[in-house]
Amino acid sequence: MKQDKALEIMLKGSNVMLTGPAGAGKSYLLKEFIVKAKAKRKKVVVTATTGLAAAHLGGQTIHSWSGMGLGTHLHEDYIYMMSEFRKKAIRKTDILIIDEVSMMHDYNLDMVDEAMQLIRENDEPFGGIQVILCGDFFQLPPVAKSGEGNFITHSQVWQRMNLSVCYLEEQFRAEDLRLQEILNAMRAGDMRKKHLNWLMGRMSLEPVEDVTRLYTLNKDVDELNEAELQKVPGDSHYYLRTSRGNYGQILDLQKNVLAPEILELKLGAMVMAVKNDPEGRYANGSVGHVIDFTSEGFPIVNFHYPTIVYPDEWEKKSGDKTVAAITQIPLRLAYAITVHKSQGMTLDAAELDLSKAFVEGMGYVGLSRVKNLDNLYLKGINQRALMVSKEAQIIDKTLRMKSRSLL
C-alpha cells in the first residue's frame, strides 16, 4: 500500500494497524496524519511503548499516559486512583496512537482497552477512541521475566477492533540496495552466502569519526560510556540521586528511572536526556554535549541550543498521593546505547556489536538503523542476530494479505 492510500484510510476514522519494513516511512506518515487530524480539530494523543520511541513523535509512553501500571492486570482501584484531570483528558481524546507495538505485550493492549472503557463509560473497543497501532513485528518482541511475551495479536481486543491493515511496501530509508536485500532476506528467513559476505565486509573497520555505538547488553553500554568519559579531559562533576517515600515503592520506581544513582559529567561529555522537559526544551532521548556548568553547578547541554538542565523528579502515585519520588539530573551518558533503545531511530552511521544478541529481531533492528551499508561498522555478530521470529513471519504474511484486500 502507498502512503497516500494509508493516510486516506486513517483520516476516515478507522482503527488501523500501520506496518511495513524498516524504512517504509511509518513514522513520517504518522507525523503527516497527526498534522491533518489536528487540523480537523481532533484531540490526538501520541504514545509509544518506550520513552525513546515516544520522543521521536513528541509523545509519551503508553504506560504513563494510560496510568495502567506495570502489572499484567489493571489495579482493582484503577478508576479511583486516576486523577480527575487525567480522566477528563482521556474522555476528550479522539485519536490514540501507539507506536512500536511489536514490543507491547498482549495483556498491555487489553489493559489499555479496559482502562479506556472504564473511564469513558463506553463498552466499545478503547471506549470509542480511534486507535492507530504502528510497528513492525520483525523488530524487537515483548520480553517477559519468564522469557518472551506474546505479541498484541494474541490480545482479546485485537479481534474486536475491526482493524484496517495498512502495510507500507515502498522503501524510503535504504539508499543501498545491498542493505535492503539483506534486510528482506532476514525477513524471509533466506540469508545467503552473498548477504553474509556483504556483512563480513563491514567487520573490523574503524569509523572515520564519532558515531553512535549500539550494543545488545546494558552492561556493555555502561562500561563503554564510563571508558569514554574517562578519555574526556577536565574535572568531573557528580550528581547524587535522592529519594523520598516508602522504601519498597522507591525500589520499584528505580527500575523505571534511567537516570543513574551517581551521575558523573565533564565538560564535553556526550549525554542523553532521560525525561521530557516540562518546558519542551528537550525530550526523552535527545542527545547533546555538555558545553558548560552554571555557577550553581548545573550542566549546560547543547540540545541544538544551550539548555540548563536542572534536577527533575519522577513520582509514583497511589490515587492523588505520592508514595515514592526520585530526584536527579535527567541525563545519562550517550556514547553508546542498547539496540533496544535505538528502535525507531534513523542514524547517519553506527558502530554495531551483535556478538551477544540474545533475542530474535535484534540484528534486524540494529542493521536497519542506517541507510547505507557503507555507514555501518560491525564489531561482531552471532547466529541469533540473523534470526527473526517465525511467528512474526506468519503475522507479517497475514497483515500483508489484509492490506492488499483494501486496495
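A search of the whole structure turns up zero disulfides, a disulfide being a pair of cysteine sulfur atoms within 2.5 Å.

A word on the ground rules: this is a predicted model, in which local features need pLDDT of at least 70 and side-chain atom pairs count only at pLDDT 80 or more, while totals for chains, interfaces and linings use all residues. Residues are numbered from 1 along each chain as its sequence is written, and side-chain values use heavy atoms, with hydrogens and water left out.

Next come the sheets. Helices (H or I, at least four residues) and strands (E, at least two) are DSSP runs, numbered from the N terminus, and two strands pair if DSSP finds at least two bridges between them. Four strands form an open sheet with parallel pairing, in the order 20-9-21-22. Strand 20 (336-338) and strand 22 (376-381) sit at the edges with a single partner strand each, so one side of each has no neighbour in the sheet. Neighbouring strands here are turned by 20 degrees against each other on average, direction ignored; axes are lines fitted to C-alpha atoms, for helices over the stretch in contact, and angles run from 0 to 180 degrees between N-to-C directions. Strand 9 (residues 212-215) pairs with strand 20 in the parallel sense over three bridges, and L214 has I337 in strand 20 as its bridge partner. Helix 11 (residues 218-231) packs on this sheet and touches strand 9 and strand 20, its direction making about 170 degrees with that of strand 20. Contact means heavy atoms within 4.5 Å. N225 lies in helix 11 and counts as buried at 3% relative accessibility. Leaving aside neighbours within four places in sequence, N225 is in contact with L333, A334, Y335 and A336.

A second open sheet has five strands in the order 16-15-14-13-19, paired antiparallel. Its edge strands are strand 16 (306-308) and strand 19 (331-333), each pairing on one side only.

Now for the rings. The whole structure holds four aromatic pairs; rings of Phe, Tyr and Trp (its six-membered ring) pair if their centres lie within 6.5 Å, and planes under 30 degrees apart count as stacked, over 60 as edge-to-face and the rest as tilted. F138 and Y364 have ring centres 6.4 Å apart and planes at 45 degrees, so this pair is tilted. F138 lies in the loop between strand 5 (130-134) and strand 6 (143-144) and Y364 in helix 14 (residues 362-367), so the pair ties together parts 226 residues apart in sequence. F138 is buried at 3%, and Y364 counts as buried at 1%. In another pair, F298 and Y310, the centres are 5.1 Å apart and the planes at 70 degrees, so the pair is edge-to-face. F298 is partly exposed at 22%, and Y310 is partly exposed at 39%.

F138 also turns up beside D396: leaving out residues up to four places away in sequence, D396 touches F138, Y167 and R187. D396 sits in helix 15 (residues 390-404) and counts as buried at 9% relative accessibility.

Methods:
Buried < 20%, exposed > 50% of the residue type's maximum accessible area, 1.4 Å probe, protein only.
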